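Me: I would like to go through this structure step by step. Could you help me read it?

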Amino acid sequence: MAHLTVLHVDDEPDIREVAAMALDLDPELTLVSVGSGEDALSRLYGGLNPDVILLDVMMPRLDGPATLLRIREIEGQENTPVLFMTARTQASEQQRYLALGAKGIIVKPFDPMTLARDLRDALA
């Protein structure tokens, strides 16, 4: 199993905490967790080069889709896989996220016991 650095972006501290506990179950994952799209962009511009980005859809100020568009403008991040995390499960919404360039979608509430596997499966 390959080692992965994961950037998790979610404005809800409780969700970041549960995701951190879930992803800690996989010893081959390194997690960087931030609370906003702006914080994610700052880390990426600062040199963070994650293997995958878990990106919440609904966040204040800069939502997930807008954050993804800005990520794609950063040199070296044009092809970084992004998985949206959302409770919005309508097919039209999911198609929109995929059309924006998301590699996949993880539905909230997610299963903490399978989050790391779900992330790896989406990247396979």
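Me: Let us start with strand pairing. Which residue in E2 is the bridge partner of leucine 7?
Reply: The bridge partner of leucine 7 in E2 is valine 32. Please keep in mind that this is a predicted model.

Me: And how does the chain get from E1 to E2?
Reply: It passes through helix H1, residues 13–23, and this β-α-β crossover is right-handed.

Me: How many bridges are there between E1 and E2, and in which sense do they pair, parallel or antiparallel?
Reply: E1 and E2, the latter covering residues 29–34, pair in the parallel sense over 6 bridges.

Me: What about E1 and E3, how many bridges join them?
Reply: E1 and strand E3, residues 52–56, run parallel and are joined by 4 bridges. Within this pairing, valine 6 stands opposite valine 52 of E3.

Me: Which residues lie on each side of E1?
Reply: Leu4, Val6 and His8 are on one side, while Thr5, Leu7 and Val9 are on the other. Both faces are covered, as these residues are all buried. As background, side chains in a regular strand alternate between the two faces of the sheet.

Me: New topic. Which residues touch the most other members of the largest nonpolar core?
Reply: They are Leu7, Val9, Leu44, Ile53, Leu55 and Phe84, in a core of 20 residues. The elements giving two or more residues to this core are E1, E2, helix H2 (37–45), E3, helix H3 (64–71) and strand E4 (82–86).

Me: Which element gives the largest share?
Reply: Helix H2 does, with 3 residues. There is also a second, separate core of 15 residues, which includes Leu23, Leu29, Ile106 and Leu119. In general, nonpolar side chains in soluble globular proteins tend to be buried together.

Me: Back to valine 9. What is in contact with it, apart from its neighbours within four places in sequence?
Reply: With those neighbours left aside, the contacts of valine 9 include Val34, Ala40, Ile53, Leu55 and Met59. Ser36, Gly37 and Asp56 are also among them.

Me: Now charges. How many salt bridges are there?
Reply: The count comes to 5 salt bridges. One of the pairs is aspartate 26 with arginine 120, whose closest N and O atoms are 2.8 Å apart.

Me: Where do aspartate 26 and arginine 120 lie?
Reply: Aspartate 26 is in the loop between H1 and E2 and arginine 120 is in helix H5, residues 115–123, so the pair ties together parts 94 residues apart in sequence. Both aspartate 26 and arginine 120 are buried.

Me: And arginine 61, buried or exposed?
Reply: Arginine 61 counts as exposed because its relative accessibility is 68%, and the cut-off for exposed is over 50%. Its side chain meets that of glutamate 38 in a salt bridge (3.2 Å, N to O). Glutamate 38, at 31% relative accessibility, counts as partly exposed.

Me: Which residues are linked in a network of salt bridges?
Reply: Asp10, Asp56 and Lys108 are linked in such a network. The side chains of lysine 108 and aspartate 56 meet at 2.8 Å, N to O, and both of these residues are buried.

Terms used: Residues are numbered from 1 along each chain as its sequence is written. This is a predicted model: local features need pLDDT of at least 70, side-chain atom pairs count only at pLDDT 80 or more; totals for chains, interfaces and linings use all residues. Side-chain values use heavy atoms; hydrogens and water are left out. Buried means under 20% relative accessible area, exposed over 50%, partly exposed in between (1.4 Å probe, protein chains only). Two strands pair if DSSP finds at least two bridges between them. A crossover is right-handed if, with the strands pointing away from the viewer, the path from the first strand over the helix to the second runs clockwise. A nonpolar core is a set of buried Ala, Val, Leu, Ile, Met, Phe, Trp, Tyr and Cys residues joined through side-chain atoms within 4.5 Å. Contact means heavy atoms within 4.5 Å. A salt bridge is a side-chain nitrogen of Lys or Arg within 4 Å of a carboxyl oxygen of Asp or Glu.
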